[in-house]
Amino acid sequence: MLLECRDLIKIYPSPVEGLMFPALRGLDLQIPPAELISIIGPSGAGKSTLLRLICTFDHPSSGEIWFDGKLVNTFTNAELEEFRLNKVGVMYQAPEDNLIWDLNTIQNVMLPMRYSGKFRGNEKARAEELLEKVGLKGKTHRKPSQLSGGEQQRVSIAIALANEPKLLLADEPTGELDSVTTAVIIDYLKQLNKDDGLTILVVTHDKRFAKMTDKTYRILDGRLTTYHIRSEESVEVDLEEEVVIVDSQGTLRLPREVSHQFKDLKAVKIQVKNGKIELVPFKDKMKSKEGEQK
Ligand SMILES: Nc1ncnc2c1ncn2[C@@H]1O[C@H](COP(=O)(O)OP(=O)(O)OP(=O)(O)O)[C@@H](O)[C@H]1O
Ligand SMILES: [Mg+2]
C-alpha cells in the first residue's frame, strides 16, 4: 500500500463550550500505488479533515497513518519535511491556502522547487511546462488576484505537482470550475495517473468524479460507508454495484435508502446461511410494552 489510514479519529472542540465534535469517527482507507481514488460526500462529512491529516497539516486524535510502509505519526522533523516537500502534493480547498498573493503565478509554482532544490537550474522551465499543462500558458506573470477562482485552482494543482510527489491530494479540484474546464482538469488528472503512475486521492462532492476514478468511496459523518469500482466499459455509475464497507472494528452502516424503507428500524437479527449474511429487521417487544403502559 502507498497509503493506509487505520481507525482515524479526529475530534474538534465544538462551538458549544465544553463539548467536542468528532469529525472523523474511525476511518479506514487503503490506497495502493498508481491508483486514482475519489471520496465523495456532503458538506461537513469530514473530507477536508481527512486530507489535512494525511498531509500532516493537522494531527489525528487517534489512529495511524502509514505511507510507503512508514508510520507517519512518528516521523521526525526531518522526515516530515521530506514528506511534505517531496512525497505528497496537496491542493487545499481554499485557494488562499495554496497561493502566495504577493508572488506571480510562475513564482508560486517555482517556490516548492526552490525549497527542495530538486530541479536546480531547471525550475523556471518546469514551472512553465506545468502551467501550460493546466491551460495557463499566457498567464504566468499574473498575480493570483488577477486570476479567476478556477484559474487559481489550476495554479494550485501545478504547485502541488512541482516536486514530482508520489501522492497527489486534491480537495474539491473542480469546485470553482465551469463544466468545460472541469473536463480539462479531470482529463489532466487521469493522464497524470495513467502516464506517470501518480497516485491521486480526490475528495469532493462532485459526483462526476465517480465516473473517472478507479474506485469511489462515499463518506458520511466521518466514516467511509460504501464504495464502487469503475469497470472499463461502464460510462454511467451503477449504484447497484456499490458495496457496503465493513471497517476494521466490524462496523457496517446501512445506506439511508435501505434503512428508510423500514419504519422505526432500531435493530436487526443477523443470520448466516450458506456463506451469506442476512439482516432481518428486529422488533423490540420491550419497547412496545412500555408504549402500551403509557
Ligand atoms: N478547526 C475546526 N474546529 C472545529 N470544527 C471543525 C474544524 N474543522 C472542521 N470542523 C468540523 O468538522 C466537520 C467536518 O469538516 P470538514 O471541513 O472536514 O468537512 P468537508 O467534508 O470538507 O465539508 P465541505 O464539503 O463543506 O468542504 C464539520 O462539521 C466542521 O464544522
Ligand atoms: Mg472540505
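This report describes the strands, a helix pair and the ligand surroundings of a predicted model.

Local features are given where pLDDT is at least 70, side-chain atom pairs count only at pLDDT 80 or more, and totals for chains, interfaces and linings use all residues. Residues are numbered from 1 along each chain as its sequence is written, while chains are lettered from A and ligands numbered from 1 in the order in which they are written.

**Strands**

Helices (H or I, at least four residues) and strands (E, at least two) are DSSP runs, numbered from the N terminus. Two strands pair if DSSP finds at least two bridges between them. Strands of a sheet pair through backbone hydrogen bonds, either parallel or antiparallel.

An open sheet is formed by 4 strands in the order β2-β1-β4-β5, with antiparallel pairing. Its edge strands, β2 and β5 (70-71), each pair on one side only.

| Strand pair | Bridges | Sense | Bridge partners |
|---|---|---|---|
| β1 (residues 3-13) and β2 | 9 bridges | antiparallel | I9 and R25 |

**Helix pair**

Helix α3 (residues 105-116) and helix α5 (residues 149-161) have axes that come within 7 Å and cross at roughly 25°. Because angles under 35 degrees count as roughly parallel, α3 is roughly parallel to α5. Here axes are lines fitted to C-alpha atoms, for helices over the stretch in contact, and angles run from 0 to 180 degrees between N-to-C directions.

On the α3 side the contact is made by T105, N108, V109 and P112, and on the α5 side by V155, A158 and I159; residues are in contact if their C-beta atoms, placed from the backbone, lie within 7 Å. By class, this contact has 5 nonpolar, 2 polar and no charged residues. Ala, Val, Leu, Ile, Met, Phe, Trp, Tyr, Cys and Pro count as nonpolar, Asp, Glu, Lys and Arg as charged, and the others, Gly among them, as polar.

**Ligand 1**

Ligand 1 is surrounded by 13 residues, of which Y12, A23, S43, S48 and T49 are the closest. A residue belongs to these surroundings if its C-beta atom, placed from the backbone, lies within 6 Å of the ligand. Two or more residues of the shell come from each of β2 (20-31) and α1 (47-54). The most come from α1, with 3 residues. The shell divides into 4 nonpolar, 8 polar and 1 charged residues.

Key: Angles under 35 degrees count as roughly parallel, over 145 as roughly antiparallel, 65 to 115 as roughly perpendicular and the rest as oblique. Two residues are in contact if their C-beta atoms, placed from the backbone, lie within 7 Å.
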